[in-house]
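Good morning, and thank you for coming. Please look at the sequence and the model together while I speak.

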Amino acid sequence: MDILSLSRWRSTCRVNYAQGTSSLQRTLTDHLRAFVPSVHQLVDIVTAHGGVFGGEIALSFILRDDPYRPPTLEIYSSYSTHAKLCKSILENPSIRTHIENYAFSNNTLFRSVHRHIVSSLVVHLTNGRSIIVHQSYTSSPSAPISRAPCTALSNFVTPYSFGCSHPALTFARRALLADKELAIFSPFDFEALDRLLARNFSIAVSPSAWPEYRRIFEDGLLWSPEECRRDRFVCPNQGRFFGDKGSMVGYFDPLGADEERCMKNNVAPFGPMVIWRMMTTFECDDGCDYLDEALDHGVASIPVLFRKDEFGELRDCISDGRTRTSPLYRYLKRGRSFSV
Ligand SMILES: [Zn+2]
């Protein structure tokens, strides 16, 4: 069962809720067990240091019914917690025995600014797989996820929550490419894109590559909406954040107060996050680069601290009257389009 169907099914009764919640947790555990047998210890270490799982492992979690088993586990940490997180992983007795070798690598300032990754610890495991622990350029462990090579890799998973920035595209095996960054894509990035293509992903720069996002002209008349598909959150120039109406944010155990845990402990989608637009050569004819409510022209991302919006302050800051973009937490207690 795909993640949306499972989430809807578990909302039908308490029994289904318990089974659905366990199934979601098993999905994450199964994916992580391919790397280290002591999954819970790894999860505890990452959680204790405020890290999140991203990259292909988060995508494989989102595409839970796809037998997608990426060779690399990517973990993201904030700038300040990276050293302690790496030390904890390398020195943990149950993980250490499975490490073949490891190395640290530092990015240039140029690459750090562009990818929001300052340095990385690459751990090669005895089973042939790898763990990469990225150090964010900022206090947000999720910031590098906003600079993923394509939208299919813009997802996060924590023990309490998970998010997907472009679920409508990702579930349809489509991805928008951050082609402006092609020159700094690493061999690892290209390998990840190759694996997406091998899994029948369609990767494009413009959403008009796919029929339902094209404008329809017949007899000299425009039959589709005059605006870009900003209303469907696929315009590469619009500002996005985990929690907007085009994204999917879910919790493993919402009735068990996972959402409140994330709020209290600054775990994604709460706490230090970013609002971003893609690094793309795509130019929106409808001015999303100029008219976005959150991001000024030329701004690629801004750091934000997302908290519960009890007084509507976020709504005042981030609401978008043109397209009725949802303020972050207006739908906190109600279902959002892709809220699970
Ligand atoms: Zn647009």
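**Helices and a strand pair**

Let me begin with helix H5, residues 82–91, in which His 82, Leu 85, Cys 86 and Ile 89 are buried. Viewed down the axis of H5, the buried residues fall within an arc of 95 degrees, so they line one face of the helix. That arc is taken over the directions from the helix axis to the C-beta atoms. In general, an α-helix has 3.6 residues a turn, so residues three or four places apart point the same way.

This is a predicted model: local features need pLDDT of at least 70, side-chain atom pairs count only at pLDDT 80 or more, and totals for chains, interfaces and linings use all residues. Residues are numbered from 1 along each chain as its sequence is written. Helices (H or I, at least four residues) and strands (E, at least two) are DSSP runs, numbered from the N terminus.

What covers the buried residues of H5? The cover includes helices H3 (39–48) and H6 (93–96), together with strands E2 (72–77), E4 (117–125) and E5 (130–136).

H3 also packs against helix H2, residues 14–33, at an angle of about 100 degrees, with the axes 9 Å apart. Axes are lines fitted to C-alpha atoms, for helices over the stretch in contact, and angles run from 0 to 180 degrees between N-to-C directions. H2 is therefore roughly perpendicular to H3, a label for angles of 65 to 115 degrees; under 35 counts as roughly parallel, over 145 as roughly antiparallel and the rest as oblique. Thr 29, Leu 32 and Arg 33 of H2 make the contact with Val 39, Leu 42 and Val 43 of H3, where contact requires C-beta atoms, placed from the backbone, within 7 Å.

How do H1 and H2 cross? Their axes come within 8 Å and cross at roughly 150 degrees, and the two helices are therefore roughly antiparallel. Helix H1, residues 3–10, contains Arg 8, which counts as partly exposed because it has 14 C-beta neighbours inside 10 Å.

Finally, strand E7, residues 161–164, runs antiparallel to E12 and is joined to it by 4 bridges; pairing requires at least two DSSP bridges. Cys 164 has Met 248 as its bridge partner in E12. From E12, residues 248–251, Met 248 and Gly 250 point one way, Val 249 and Tyr 251 the other, and all are buried.

Methods
A residue is buried if 20 or more other C-beta atoms lie within 10 Å of its own, exposed if 12 or fewer, and partly exposed in between; C-beta atoms are placed from the backbone. Two residues are in contact if their C-beta atoms, placed from the backbone, lie within 7 Å.
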